[in-house]
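Let's take a friendly walk through one protein model, looking at rings, charges and strands. Keep the picture beside you as you read.

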Amino acid sequence: QVQLVESGGGLVQPGGSLRLSCTASGLSIRINAMGWYRQATGKQRELVAAITSGGSTVYADSVKGRFTIYRDNAKNTVYLQMNSLSPEDTAVYYCNTFRGIGVLPPNYWGQGTQVTVSS
């Protein structure tokens with residue numbers, strides 16, 4: 001049974017930073033491509049960043065240069081470092097496996113973690 005638990009969200013001012021964590025059980029992130037997704041109110045869930053088992057990364061254009069995805073295989077945890085946050089980054093952030101651009105990942109969705117960027 002796969003379980004993904006996200007944490008690290010919160011309220012931050014514009015220009016601030018947050019680091020999100022996603023700890024997996026029932027699944028090895030070492031051999032799975034993993035992604036961070038977000039869903040803002042009234043919008044569809046979208047891919048934010050992904051990292052393959054080989055370490056290659058993919059970023060949405062809106063976050064390039066500001067967000068960094070990385071993983072700690074020993075902790076079976078994927079991280080998303082978010083810098084220079086703006087109100088447009090406000091959303092619930094989820095992690096899941098990554099199967100390719102435009103490919104819906106399996107239904108491993110967790111509760112997500114809320115990120116709110118506001119002054």
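## Rings, charges and a sheet

Arg45 lies over the face of Tyr94, 4.1 Å from the ring centre. The charged end of Arg45 also sits over the ring of Trp109, at 4.1 Å from its centre. For a charge to count as sitting over a ring, NZ of Lys or CZ of Arg must be within 6 Å of the ring centre and within 35 degrees of the ring normal.

Before going on, here is some background: this is a predicted model, in which local features need pLDDT of at least 70 and side-chain atom pairs count only at pLDDT 80 or more, while totals for chains, interfaces and linings use all residues. Residues are numbered from 1 along each chain as its sequence is written, and side-chain values use heavy atoms, with hydrogens and water left out.

Now to the rings themselves. A pair of aromatic rings is described by the distance of the centres and the angle of the planes. Rings of Phe, Tyr and Trp (its six-membered ring) pair if their centres lie within 6.5 Å; planes under 30 degrees apart count as stacked, over 60 as edge-to-face and the rest as tilted. By this rule there are three aromatic pairs. In one of them, Tyr37 and Trp109 have ring centres 5.1 Å apart and planes at 85°, so this pair is edge-to-face. Tyr37 belongs to strand 4 (residues 34–39) and Trp109 to the loop between strand 9 (91–97) and strand 10 (113–117), so the pair ties together parts that are 72 residues apart in sequence. Strands here are DSSP runs (E, at least two residues), numbered from the N terminus.

Tyr37 counts as buried at 6%, whereas Trp109 is partly exposed at 25%. Tyr70 and Tyr79 form a stacked aromatic pair, with 5.0 Å from centre to centre and 20° between the planes. Here Tyr70 is partly exposed at 30%, and Tyr79 is buried at 8%. Tyr37, Tyr94 and Trp109 form one aromatic cluster.

Next come the salt bridges. A salt bridge is a side-chain nitrogen of Lys or Arg within 4 Å of a carboxyl oxygen of Asp or Glu. The whole structure holds four of them, and the table shows some.

| Salt bridge | N to O distance |
|---|---|
| Asp89 and Arg38 | 3.0 Å |
| Asp61 and Lys64 | 3.1 Å |
| Asp89 and Arg66 | 2.8 Å |

Asp89 lies in the loop between strand 8 and strand 9 and Arg66 in the loop between strand 6 and strand 7 (67–72), so their pair ties together parts that are 23 residues apart in sequence. Asp89 and Arg66 are both buried. Salt bridges that share partners join Arg38, Glu46, Arg66 and Asp89 into one network. Arg38 is buried too, whereas both Asp61 and Lys64 are exposed.

Finally, which strands build the open sheet? Six strands form it in the order 2-10-9-4-5-6, with mixed pairing. Two strands pair if DSSP finds at least two bridges between them. Strand 2 (10–12) and strand 6 (57–59) stand at the edges with a single partner strand each, so one side of each is left without a neighbour in the sheet. Strand 5 (residues 46–51) pairs with strand 6 in the antiparallel sense over three bridges. Ile51 stands opposite Thr57 in strand 6.

Conventions
Helices (H or I, at least four residues) and strands (E, at least two) are DSSP runs, numbered from the N terminus. Buried means under 20% relative accessible area, exposed over 50%, partly exposed in between (1.4 Å probe, protein chains only).
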